[in-house]
Amino acid sequence: ERRGGGSLMFIDPKMTPKVDELLRGMIIVSGNDAAVTLAEGVGGTVEGFVAMMNRQAQAWGLKNSQFKNPTGMSEAGHYSSARDMALIAAHIVRDFPEQYAAYYAQRHYSFNNIKQDNRNMLLGRDPAIDGMKTGYTDAAGYCLVASAQRDFPNGKRRLISVVMGTASREARAAESQKLLNWGFQAW
């Protein structure tokens with residue numbers, strides 16, 4: 001079922017995927033069907049989960065986000081800022097390090113006999129980039145939150161970049177790479 005359009009992990013309605021499979025489908029291949037299934041499981045309903053998302057956004061101090069759905073698809077009143085996306089990313093990396101390492105850097109995922117690549121084209125191009133999340137809608141363009149960690153003489157340093165509104169998958173990857181490289185060189 002398309003359940004709102006966009007990317008899918010291709011859950012067959014007769015299947016009962018495990019939470020781990022759904023997380024991989026949502027994170028690695030941007031499966032909106034996985035996001036909706038997880039939202040229903042955690043929140044009881046999509047609406048219940050969206051209310052939870054907005055409460056968490058408020059608790060984290062997100063000032064320019066209001067969620068209307070768990071997929072990020074365009075909907076009246078659904079919005080977020082680059083700053084808020086960076087704050088969410090930082091929380092994921094810091095608060096869930098084991099899950100971050102297990103899911104976000106995975107280059108491919110197979111489910112229902114369908115193998116898909118991670119939508120984050122930077123994985124594998126730069127060994128410092130260890131994941132994060134892509135997005136696309138007609139309204140927002142191609143977006144990418146990317147996280148990278150490099151070794152420096154005084155220890156490891158992590159940077160998170162957020163690029164929104166680019167014209168293609170390649171452009172979002174290229175602009176993200178430029179931002180990360182600049183950040184590591186400038187600071």
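**Strand pairing, a hairpin turn and helix packing in a predicted model**

N112 is partly exposed, with a relative accessible area of 31%; partly exposed lies between buried, under 20% relative accessible area, and exposed, over 50% (1.4 Å probe, protein chains only). The model is predicted: local features need pLDDT of at least 70, side-chain atom pairs count only at pLDDT 80 or more, and totals for chains, interfaces and linings use all residues. Residues are numbered from 1 along each chain as its sequence is written, and side-chain values use heavy atoms, with hydrogens and water left out.

N112 sits in the loop between β1 and β2. Helices (H or I, at least four residues) and strands (E, at least two) are DSSP runs, numbered from the N terminus. β1 and β2 form a hairpin with two residues between them. In the turn, N112 has a positive phi of about 55°. Strands β1 (residues 108–111) and β2 (residues 114–117) run antiparallel and are joined by four bridges; pairing requires at least two DSSP bridges between two strands. H108 stands opposite D117 in β2.

Beyond its neighbours within four places in sequence, N112 is in contact with F10, D12 and M15, contact meaning heavy atoms within 4.5 Å. A polar atom of the N112 side chain lies 3.0 Å from the backbone oxygen of F10. The C-alpha atoms of N112 and T16 are separated by 11 Å, although the two residues are 96 apart along the chain.

An open sheet is formed by three strands in the order β3-β4-β5, with antiparallel pairing. Its edge strands, β3 (129–137) and β5 (155–166), each pair on one side only. Neighbouring strands are turned by 10° against each other on average, direction ignored. Eight bridges join β3 to β4 (residues 141–152). Y142 in β4 is the bridge partner of Y136.

Helix α4 (residues 82–95) lies across β3, β4 and β5, at about 140° to β5. Helix α6 (residues 169–186) touches β3, β4 and β5, and its direction makes about 145° with that of β5. Axes are lines fitted to C-alpha atoms, for helices over the stretch in contact, and angles run from 0 to 180 degrees between N-to-C directions.

The axes of α2 (residues 32–43) and α3 (residues 46–59) come within 7 Å and cross at roughly 85°. The two helices are therefore roughly perpendicular, the term for 65 to 115 degrees. V36, A39, E40, V42 and G43 of α2 meet V46, G48, F49 and M52 of α3.

Key:
A polar contact is a pair of N or O atoms within 3.5 Å; within protein, one must be able to donate a hydrogen and the other to accept it, and residues adjacent in sequence count only if both atoms are side-chain atoms. Angles under 35 degrees count as roughly parallel, over 145 as roughly antiparallel, 65 to 115 as roughly perpendicular and the rest as oblique.
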